[in-house]
Amino acid sequence: MTRLLLFAITLLLLSGCNDESLYSGLDEVEANEIIALLSNAGIISYKTQNSDKKYTVATNRNNFADAIDLLKTNGYPKNRFESLGDVFKKEGFVSSPLEERARLNYAQSQELSRTIESIDGVILARVHLAIPKDNKLESEVKPSSASVFIKHRRGIDLSDRESQIKALLVNSISGLPYENVTVAMFTSNPIPINRKRNETEGSNLTIVSGVKKDYLILGMTILILFLSTITVFLIFRNRKQNNQLQISNGNT
């Protein structure tokens with residue numbers, strides 16, 4: 001019985017030290033997407049909710065490197081773009097015209113990057129704007145220009161979307177000619193996953209793969225308490241039997 005109790009405690013300790021957190025501060029939708037992506041690649045992971053209502057995704061330590069490479073290749077975790085409202089929050093100080101212009105350009109690039117990144121097949125998008133300062137003293141107005149960087153999944157052809165992406169920028173930025181928009185697209189190169197290691201992982205002592213750690217720890221705690229209760233009961237029963245045996249021997 002004592003050996004069984006020690007074995008249960010060992011399992012509990014292993015369950016807490018055999019995992020590594022991949023990313024924290026995720027919303028539930030993104031956490032589920034990460035788990036699904038890893039699952040399709042043969043990597044088992046799970047999520048736990050933090051005190052701030054955000055989620056942490058973790059996996060077995062043996063799969064940590066492969067999981068990070070796979071998520072990075074597929075653009076996870078997603079970029080946190082700032083909106084116009086975030087950039088132009090009310091503050092106590094009055095901004096200069098130059099600061100206001102810089103913040104506006106930044107906010108527009110953030111909004112456009114988020115819009116382009118929402119296109120199916122796009123992993124990563126960046127929009128860089130070059131909007132000249134208005135100068136009423138100059139007779140010739142310099143046109144604006146924009147560059148778009150897009151990283152997309154392999155097997156996805158976005159060449160037919162290039163004109164639509166350019167039109168999106170032209171209609172969003174005042175004074176931006178169509179011919180001054182450059183779109184550069186790059187194909188993501190997936191990193192091969194070590195399948196052999198994932199296939200043999202099941203033969204290793206992996207206690208918490210695919211199971212929420214909170215539930216497992218609760219179950220192990222209940223098991224330990226149950227075994228402890230039985231152990232204490234057996235000890236007291238043996239002592240009682242020994243005492244009764246000694247009393248009976250003394251009477252004889």
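**Exercise 1.** Which residues in α2 meet which residues in α3?

Solution. This is a predicted model, where local features need pLDDT of at least 70, side-chain atom pairs count only at pLDDT 80 or more, and totals for chains, interfaces and linings use all residues. Numbering starts from 1 along each chain as its sequence is written, and side-chain values use heavy atoms, without hydrogens and water.
- Contact means heavy atoms within 4.5 Å.
- On the α2 side are Ile34, Leu37 and Leu38.
- On the α3 side they meet Ala67, Leu70 and Leu71.
- The contact has six nonpolar residues, no polar and no charged. (Nonpolar: Ala, Val, Leu, Ile, Met, Phe, Trp, Tyr, Cys and Pro; charged: Asp, Glu, Lys and Arg; polar: the others, Gly among them.)

**Exercise 2.** Find how α2 and α3 are oriented to each other.

Solution. 
- Helices are DSSP runs (H or I, at least four residues), numbered from the N terminus.
- α2 covers residues 28-40 and α3 covers residues 64-73.
- Their axes, lines fitted to C-alpha atoms over the stretch in contact, come within 10 Å and cross at roughly 115°. Angles run from 0 to 180 degrees between N-to-C directions.
- Roughly perpendicular means 65 to 115 degrees. α2 and α3 are therefore roughly perpendicular.

**Exercise 3.** Is Asn105 buried or exposed?

Solution. 
- Asn105 lies in helix α5, residues 97-117.
- Buried means under 20% relative accessible area, exposed over 50%, with a 1.4 Å probe and protein chains only.
- Asn105 has 16% relative accessibility, so Asn105 counts as buried.
- Leaving out residues up to four places away in sequence, Asn105 touches Leu129 and Ile131.
- Other buried residues of α5 include Ala107 and Leu112.

Technical notes
Helix = DSSP H or I, 4+ residues; strand = E, 2+ residues; numbered from the N terminus. Parallel < 35°, antiparallel > 145°, perpendicular 65-115°, else oblique.
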